[in-house]
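I opened this model to look up a few points and kept short notes as I went. The entries follow in the order I made them.

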Amino acid sequence: MTTSYPIKQGLFTRPVWLAIAACTLLAALLPILNLAFAEGHALHVSAYTVALVGKFMCYALAALALDLVWGYTGILSLGHGVFFALGAYAHGMYLMRAIGDQGQYHSSLPDFMVFLDWKTYPWYWAFTEHFWYCMALVVLVPGVLAFVFGYFAFRSRIKGVYFSIITQAMTYAFMLLFFRNDTGFGGNNGFTDFKTILGHSITAPATRAVLFLLTLAFLLAALIGARAIVRSKLGRVLQGVRDSEARLMFLGYNPLWFKLFVWTLSAVLCGIAGALYVPQVGIINPSEMSPANSIEMVVWVAVGGRGTLLGPIVGAFTVNGLKSWFTAALPELWLFALGLLFIVVTLFLQQGMLGVLSKFKRKPVVAEEGA
Amino acid sequence: MSIRMLPGMASAEAGPTYSRVKGEGVDTTHGAILYLEDISVSFDGFKAINKLSLDISVGELRCIIGPNGAGKTTMMDVITGKTRPTSGTAWFGQTMNLATMTEAQIAHAGIGRKFQRPTVFEQHTVFDNLELAMKMDKRVAPTLFARLTSEQAGKIEAILRLIRLNGHEARPAGLLSHGQKQWLEIGMLLMQEPQLILLDEPVAGMSDAETARTAELLNELRGKHSIMVVEHDMGFVTDIAQQGIVTVLHEGAVLAQGRMDEVQADERVIEVYLGR
């Protein structure tokens, strides 16, 4: 029988695959050029650039995670910063333990605990000297928080702006909690002054190169994995949640579990992004949980183009690139520029940067999406 | 009552007729798929439905007509669990009491309803709309790993032809005409393989050609599904009722019942509805 039904192609069209491959190779080249050529050589890439791009990739991973819930499922989270920060803190606990007695006070406890006159680690720091345990925490802490929070919010059918507001409240509450010195996570200074990771100096160019390439690998894997999900039947159900949740219920789907699945997955990806961020940036403190940070993540997604997966990555790089330039050249104007950018995007580029790109081409860049 | 135990409770005996449409989980041994007994619904004292009794046989195409406010939509709401009856009972088959079931349970048990306004997924293609509606395990993991089998694709194609949307399967549903959206909605209902189909004003807002095409579609479904159609359009009802029973509702109760020509000749019906 001849089939007239639409044939599902690969995950991306050939030009998009090529673009992804080119960007990946280009990015992978950065730390290699940094290692291979001495400073002053024409092909040398500065350690600053490597660290900056590494940081941007972590942001891009968080933006990708946010796009899964916002762009595809229509759940606008204004609190994804908390998942990012929790992933970062979970990894940070290991990095703090790895400092050993190399800290300012040469104690086996982290400096901030010595400062508080604590004699032993609090119970929740148990096992954090093990790298694998902290990596499990990176996944479990944001995952469990998102699952529990999401279960109660989605079960109560909290939607739209109400959901956004409570996510904002959640990240704010966590920020206040982590600002307290007694919480045991370093108060407003957070974790910093890391020395080693798995026995390797954290500032060594080779360590940085490995971290950079790991981040790149995670970003690429997350992009392909997320694309596979949104192209699956489950992806079409998620878009059904976004467009008409009531209709979906009449078809016999229970939106609760679908929302919870994508929400938890997104939080875990965000936590991984945070865990990759902390050794490269060298600090994590509660300001990462400030409501403004989470809103900035939404701006990355909106600028790049929501519901496209590639867009948020482009958006994270663009906005943060602009931010780096502005805060160096015209620091007092950055917030105005960010505000203006958001207004321009909402008014004129509702599909974001990728939307503009697909308008120029006859065929949309991201085939089939339409959103 | 748990729906899960019902398949075991269903009689193995085939009914005298329509055995191929006999419900899996629905016990229709007495030939009826739906019984409404003395149903009343009142909203703040206003009786939208007043001691309504009605039964629908397996495989029947039943038309319900009546002036505005006769309680047609409220009756559909009672059957689908959207509204609870103030008194009376509603049975689906021999064993399922609809008054005690939730909307999701009723939908799962096999009552599919098409609303007045089509609500298809406008961003999804016609094909994807039908695929989403298809009867299958609709939990998260099976959905994530679902791969369309050729059998399922064939089923979608058959429905596409039936609703005359073959050739449109790759178009976003939002681009369809109003009539096509209504057909897609009917197609989505059929994909769910319901035991009983409720159609609420299927031709409202349709052009004459689309109305005629919808009548053709329903005539094709006759005998293969149990269908209940609520409609205002007399010409359309005459087209699809043929020799079947038409029920006239008035002020929340059955005013008259019989073949279309009998009903049209009924003095009371002419008075309240047809003769205006």
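I began with strand β1 (residues 32–43) of chain B and strand β4 (residues 87–92) of chain B, which are joined by 5 bridges and run antiparallel. The model is a predicted one. Looking across this pair, I found B:Leu36 opposite B:Ala90 in β4(B).

Next I traced the sheet. It is open and has 4 strands, in the order β2-β1-β4-β5 (chain B), and the pairing is antiparallel. I noted that β2 (46–57) and β5 (96–97) of chain B are at the edges; each has a single partner strand, so one side of each has no neighbour in the sheet.

I then turned to helix α4 (residues 126–133) of chain B. Is it enclosed, or open to the outside? I counted 8 of its 8 residues as buried, so α4 of chain B is largely enclosed by the rest of the structure. Among the buried residues of α4(B) are B:Val126, B:Phe127, B:Asp128 and B:Glu131. I also checked what they pack against: α6 (150–162) and α7 (178–191) of chain B, together with α8 (233–250) of chain A.

The last entry concerns the contact between the chains. How many residues of chain A are in contact with chain B? I read off 25 residues of chain A, in contact with 29 residues of chain B. On the side of chain A that touches chain B, the elements giving two or more residues are α8 and α9 (255–281) of chain A. α8(A) gives the most to that side, with 11 residues. By type, I recorded the residues of this side of chain A as 13 nonpolar, 8 polar and 4 charged.

Terms used. Residues numbered from 1 in each chain as written. Chains lettered and ligands numbered in written order. Predicted model: local features only at pLDDT ≥ 70, side-chain atom pairs only at ≥ 80, totals over all residues. Buried ≥ 20, exposed ≤ 12 C-beta atoms within 10 Å, placed from the backbone. Contact = placed C-beta atoms within 7 Å. Nonpolar A, V, L, I, M, F, W, Y, C, P; charged D, E, K, R; others polar. Pairing = 2+ DSSP bridges.
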